[in-house]
Amino acid sequence: MKLVFAGTPEFARVALERLHAAGFEIALVLTQPDRPAGRGMKLQASPVKQFAVENDIPVEQPRSLRLDGKYPEDAALAQAALQATGADAMVVAAYGLILPQWVLDLPPRGCLNIHGSLLPRWRGAAPIHRAIEAGDLETGITIMQMDAGLDTGDMLLIEREAIRPDDTTAALHDRLAALGGRMIVEALELAACGGLTRTPQPAEGVTYAHKIEKAEAAIDWRLPAAQIERRVRAFDPFPGAHFTLGDEAVKLWAADVVPASGAPGTVLHANGEHLVVACGEQALALKTVQRPGGKRQAVRDLLHARPVPPGTTLG
């Protein structure tokens, strides 16, 4: 089966690697344009592009696929490239561009999407983050037949994955990426022999995983400690939950909920390995932090370098 693959980040690269290893012919890869990254802000290719280049797979990087949009010349070049492949299907994973109807209609077997949730829960851009933030006990991968809606297409395969009490988005992402890579290979093998069944998504249980905004990362100590702790894990590695200590913005990477109370944001205990901060309900014992310009460190190292007296109010 000849494929076009559309994806950009590491989640997508894992799937592309699995498809390549399984022997599928990847006629073309679509990925986002190179972006500035790192301290030098040099242009950096996406993980998907890096894999494609290393394996001599043709790559196109249109800024848009809309023929009537802002970059019609990009869309026209992409259209010509896609039509020339004669691909049977397109696989899409965290691509980052909306596929217009002409793309959805082009491959005979349509466009299959690897989505990191149990649809219809957490449609949208940040399903892994939002599942952890909400306190969900499980998530998974849905292989979906794409349509014009936002993650509204029929389900083809679905598999569950437990969310562990200490899961960060980084850890859960890696397990789901591996699961998605295995499942898309299985789905295409089933499709080749007519073994895929399309199941419409249920009308009930729809939620939307809106894009993570940097403004969400500022810790609001008035919230319950359990909710803050989930956000800390959900925003690891990006954007990183943070609070202010004096004139410093300190990132918080790990904390435990503890049974204590006080005015929200007030330091209750700060000695040895313990820095306990009151929240709207209960308190958080901070474990791993990161000061500006530094690396992640145990909270005891922070307290050694910068004592924090009980009664201090954190922003």
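A residue is called buried when its relative accessible area is under 20%, exposed when it is over 50%, and partly exposed in between, with a 1.4 Å probe and only protein chains considered. By that rule Cys193 is exposed, because its relative accessible area is 60%. Cys111, in contrast, is buried, with a relative accessible area of 1%. A disulfide is a pair of cysteine sulfur atoms within 2.5 Å, and a search of the whole structure finds zero of them.

The structure is a predicted model, in which local features need pLDDT of at least 70 and side-chain atom pairs count only at pLDDT 80 or more, while totals for chains, interfaces and linings use all residues. Residues are numbered from 1 along each chain as its sequence is written, and side-chain values use heavy atoms, with hydrogens and water left out.

Begin with the protein as a whole. The C-alpha trace spans about 70 × 45 × 35 Å along its principal axes. Of the 315 residues, 47% count as buried. The accessible surface, computed by the Shrake-Rupley method with a 1.4 Å probe and, for residues, with only the protein chains shown as cover, comes to about 15,000 Å². Carbon and sulfur atoms account for 53% of that surface.

The protein has eight helices and 17 strands. These are DSSP runs numbered from the N terminus: helices are H or I with at least four residues, and strands are E with at least two. Contact means heavy atoms within 4.5 Å. Among contacts between residues at least 6 apart in sequence, 64% join residues at least 24 apart.

Next comes the interior. A nonpolar core is a set of buried Ala, Val, Leu, Ile, Met, Phe, Trp, Tyr and Cys residues joined through side-chain atoms within 4.5 Å. The largest one here has 44 residues, and those with the most contacts inside it are Phe5, Leu19, Ile26, Ile114, Ile143 and Ile184. Helix α6 (residues 169–192) supplies the largest share of this core, nine residues. Apart from it lies another core, of 24 residues, including Ile219, Ala225, Ala270 and Leu314.

Leaving aside neighbours within four places in sequence, Phe5 is in contact with residues including Ala12, Leu19, Ile26, Val48, Val91 and Ala93.

Helix α6 also holds Ala191, which is buried, with a relative accessible area of 14%. Not counting residues up to four places away in sequence, Ala191 touches Met1, Arg109 and Leu196. Ala191 and Pro58 are 133 residues apart in sequence, and their C-alpha atoms are 24 Å apart in space.

Another helix to look at is α7 (225–234). An α-helix has 3.6 residues a turn, so residues three or four places apart point the same way. In α7 the buried residues are Ala225, Ile228, Glu229, Val232, Arg233 and Ala234. What covers them includes α5 (127–134), α6, β13 (248–258) and β16.

The loops hold some backbone details. Pro237 lies in the loop between α7 and β12 (242–245).

Two residues other than glycine have a positive phi. Asp56 has phi near 55° and lies in the loop between α2 (47–54) and β5 (59–60). Asp56 counts as exposed because its relative accessibility is 72%. Gln282 has phi near 60° and is found in the loop between β15 (274–278) and β16 (283–290). At 42% relative accessibility, Gln282 counts as partly exposed.

One more loop residue is Pro108, placed between α4 (101–105) and β7. Pro108 is exposed, with a relative accessible area of 70%. Outside the four places on either side in sequence, Pro108 is in contact with Ala87 and Asp88. Pro108 and Glu273 are 165 residues apart in sequence and 61 Å apart in space, C-alpha to C-alpha.
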